[in-house]
Amino acid sequence: MPDAALSSLPITAFEDVAALSARRSARWRPGLAAVQGPALHNEVFGLSREAAGVGVALALALDDWRHVPRECGCEAEDRRSVLWVQTREAARLGGRPCRAGLPADLQGRVIHVLAEKVEDALFALEEGLRCRDLAFVIGEIPGNAKALDFTASRRLTLASERHGVPLFLVRLDAARDLSSARMRWEATSAPSAPPRWNAQAPGDPAWRAELFRARSHAPGEWVLEEGGKTLRADKASSETDRAVANWAAGLQHRRAPRRA
Amino acid sequence: MSALLPDAARPRRILSIWMPAMAMDRWRLGGSGERRALDDKPLVLIADTAHGPRIEAANRSGMAAGACRGMMLADARTLCPDIATAPSDPAGDLAFLEKLAIWAQRWGPWSAMDAPDSLLVDVTAVPHLFGGEGRLLADVAETFARRELTLRCAIAPTAGAAWALSHYGPPGAILAAQDDAEARLADLPVAALRLDDDVLTVLRRLGLKRLGELATIGRDAIQRRFRNRKSPAANPLIRLDQILGRVPEPLLPVVPQHMPLVQRRLMEPIRHRQLLDQVVGDLAGDMARELEARGEGARRLELGMWRVDGEVVVRRLEMAAATREAAHICRLFAARLDDVDAGFGIEMLRLRASWAEPLALEQGDIEAAAETHGTSLAACIDRLTVRLGREAVTRPVPFASHIPERAQRWQPPLEPEPTSQGELAFHRRPLKLLDNPERIAVLYATPDGYPRRFRWRGEVHEVARVEGPERIAPEWWRERGGTRLRDYYRIEDDRGRRYWIYRLGIVGDGRGGAPDWYLQGLCA
């Protein structure tokens with residue numbers, strides 16, 4: 001059965017476990033938002049030495065934003081702003097957004113919030129999620145802060161699902177702690193494809209992204225590449241396919257935690 | 001055609017009121033009985049200047065004694081040794097004139113100040129309410145006499161003509177629309193044109209003393225003489241045209257404005273936060289009604305809290321967009337009231353909208369709608385600004401500069417974006433810029449080879465691919481002469497991490513030793 005047909009069915013339509021597991025095996029792929037709607041609460045783990053975490057978060061957010069079907073009452077062009085929340089520590093480690101380097105769709109629409117503490121950043125994220133005039137919210141929080149516990153992430157999930165504003169929270173240099181995020185990614189940079197005219201130059205950005213925990217998708221690992229206005233995903237290895245087979249059968253594929 | 005030009009069918013009527021002794025009258029009325037007693041003797045109002053006290057105004061007996069406006073007090077003392085003095089108050093005079101201008105709207109819907117001591121009132125289509133223009137002038141004279149203010153007034157079709165007649169014409173002059181204005185005004189002195197003193201001197205030296213004489217030497221001659229004077233007060237021809245109504249003369253009307261203000265006096269001083277929130281909520285509701293009645297929304301609010309022991313605590317709030325939602329105002333103030341020290345209790349609260357903007361009426365229950373549909377962007381930004389501060393919520397905007405860290409500025413999020421030149425498509429910029437470029441140790445082929453390997457934050461990166469250099473020269477119009485150029489490289493290391501680094505200077509540029517390398521940006 002093709003993935004699209006399965007994932008378009010509502011969850012409650014399935015009664016038997018086999019069908020349920022078949023539905024859960026629906027793999028994530030770019031452009032899925034056209035069928036399922038946008039992924040609402042996402043976490044991307046990345047290192048502060050590289051911009052891969054933010055890059056993947058932006059790529060996923062833009063991919064959802066482009067594929068979500070527009071309701072007939074809406075304006076033809078979505079001109080809503082984007083809220084980008086950083087703690088001061090995150091800005092010091094990874095820098096602030098540079099307008100000229102943002103994707104063309106986002107230039108001139110970013111509203112930047114610089115929070116002193118993690119508590120302030122969480123407040124700003126929640127306020128952003130409650131605002132109907134925002135396309136999505138991006139947050140950058142370094143480390144495993146005490147304020148960002150399971151309760152805080154649950155608050156964010158509820159706010160996001162209530163008002164339908166997607167959240168992409170980038171966790172810099174953090175361990176995989178408890179969270180209620182619906183999709184959790186781990187992102188690192190990957191060598192880019194050589195550009196057409198100068199093979200010696202860095203090409204379009206590419207990342208190795210691992211979806212290690214998701215509510216309605218099987219985990220997997222992809223090499224994401226953003227070229228022009230589309231997001232391409234190639235399967236990273238065959239190992240993950242095996243993991244998916246087990247996962248769909250109800251077995252969790254366990255792997256050694258990368259960090260403490 | 002006449003329907004299109006109501007002005008032509010029914011010309012404007014302007015009433016000019018001149019109070020020749022306004023400062024003196026105001027001084028006399030401002031105090032108790034002894035001021036009136038002093039007024040019979042020679043008296044002058046003085047202002048301090050760099051050369052000693054100078055006379056600003058003199059009363060009738062002072063003028064008879066020889067004092068006049070603009071004279072130094074020492075000179076007047078030699079003429080009349082027992083002259084009395086009092087300080088003049090120009091700011092108070094201006095405020096008095098402003099109040100008088102609003103008061104003078106009893107004779108017409110629209111009035112303007114003509115500092116320092118005149119008023120202009122538009123009485124078009126009004127005189128019949130007073131029984132004609134003559135009776136209107138009589139009413140003005142009677143009302144001012146009751147207030148013990150000396151005045152001269154006149155009515156004419158233009159502001160310039162009314163001013164000229166009130167200052168230099170016969171008392172109570174009326175210039176009707178069908179009169180030949182040029183002939184009526186021909187006998188007035190050229191000073192009636194409201195010209196600067198140096199222009200009056202020029203005219204006097206030319207032998208032109210009356211308005212009628214300006215026409216005798218021909219318009220071309222005057223035009224040639226004053227061809228460089230563009231300001232009306234320096235060019236007699238423009239003033240003459242204004243008097244005769246050939247050129248429009250814009251006037252700035254006085255419009256009274258009231259700041260929306262609500263307050264609560266409390267029977268029992270409050271000391272607890274819960275009660276304070278209740279009162280602030282009531283005030284916000286009052287303010288919302290007040291603003292709604294005026295069709296406005298508040299941009300800036302000031303909450304003053306008067307404490308029993310004589311202290312006043314003030315909290316200011318500025319909104320990103322005009323609002324009059326009581327719940328929103330309450331919520332914003334709630335965040336600012338945490339550090340209020342109530343002391344022995346707060347006995348009065350006052351909420352003032354010191355900056356209000358027009359805001360159209362719209363449907364109600366916005367707060368209920370926000371609960372289901374989410375808040376608007378302006379409300380969201382207000383809440384963020386109140387908790388995090390003004391500087392924390394910003395939007396990046398481009399700025400005309402080649403230096404990357406200077407090419408971007410941060411401004412409040414809802415302000416309009418300044419115009420700017422588009423970025424060139426082949427200049428690739430990184431996704432994020434570090435606040436301060438970080439120095440890195442780079443292995444490269446001197447003087448200007450590609451970087452091979454570098455160390456940043458304690459880790460070594462092997463460079464796999466390079467693009468560059470993009471050379472950015474220092475901006476000589478902003479920076480000192482010794483600033484070095486920058487060669488930017490986009491690089492990717494062996495693990496695919498992409499950075500934006502630059503070499504500051506080049507060997508042999510005579511601006512320092514071996515060039516340093518910096519890492520400035522992180523590419524996606």
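**Exercise 1. Determine which strands make up the open sheet of eleven strands, and which of them are the edge strands.**

Step 1. Strands are DSSP runs of E with at least two residues, helices are runs of H or I with at least four, and both are numbered from the N terminus; two strands pair if DSSP finds at least two bridges between them.

Step 2. The edge strands, each of which pairs on one side only, are β10 (230–235) of chain A and β14 (408–411) of chain B.

Step 3. On average, neighbouring strands of this sheet are turned by 30° against each other, direction ignored, where axes are lines fitted to C-alpha atoms, for helices over the stretch in contact, and angles run from 0 to 180 degrees between N-to-C directions.

A note on reading the labels: residues are numbered from 1 along each chain as its sequence is written, while chains are lettered from A and ligands numbered from 1 in the order in which they are written. Because the model is predicted, local features need pLDDT of at least 70 and side-chain atom pairs count only at pLDDT 80 or more, whereas totals for chains, interfaces and linings use all residues.

**Exercise 2. Compare the sense in which β5(A) pairs with β6(A) and the sense in which β4(A) pairs with β13(B).**

Step 1. Strand β5 (residues 134–142) and strand β6 (residues 167–172), both of chain A, pair in the parallel sense over six bridges, and A:Glu140 of this structure stands opposite A:Val170 in β6(A).

Step 2. β4(A) pairs with strand β13 (residues 393–398) of chain B in the antiparallel sense over two bridges, and A:Val113 stands opposite B:Val393 in β13(B).

Step 3. Helix α17 (residues 377–388) of chain B lies across β2 (81–87) and β4 of chain A together with β13 of chain B, and runs at about 110° to β13(B).

**Exercise 3. Describe the contact from the side of chain A, and follow A:Val113 into the largest nonpolar core.**

Step 1. The contact takes 44 residues from chain A and 43 residues from chain B, two residues being in contact if their C-beta atoms, placed from the backbone, lie within 7 Å. On the side of chain A that touches chain B, the largest share, six residues, comes from β4(A).

Step 2. Leaving aside neighbours within four places in sequence, A:Val113 is in contact with residues of both chains, including A:Leu83, A:Trp84, B:Leu384 and B:Val393.

Step 3. The largest nonpolar core has 107 residues, and A:Val113 is among those with the most contacts inside it, as are A:Val56 and A:Phe168. Such a core is a set of buried Ala, Val, Leu, Ile, Met, Phe, Trp, Tyr and Cys residues joined through C-beta atoms within 7 Å. Its largest share, nine residues, comes from α4(A).

**Exercise 4. Decide whether A:Phe45 is buried or exposed.**

Step 1. A:Phe45 has its place in strand β1 (residues 41–46) of chain A.

Step 2. A:Phe45 counts as buried because 24 other C-beta atoms lie within 10 Å; a residue is buried with 20 or more such atoms within 10 Å, exposed with 12 or fewer, and partly exposed in between, with C-beta atoms placed from the backbone.

Step 3. Not counting residues up to four places away in sequence, A:Phe45 touches several residues, among them A:Gly53, A:Arg171 and A:Trp185. A:Phe45 and A:Leu169 are 124 residues apart in sequence, yet 8.5 Å apart in space, C-alpha to C-alpha.
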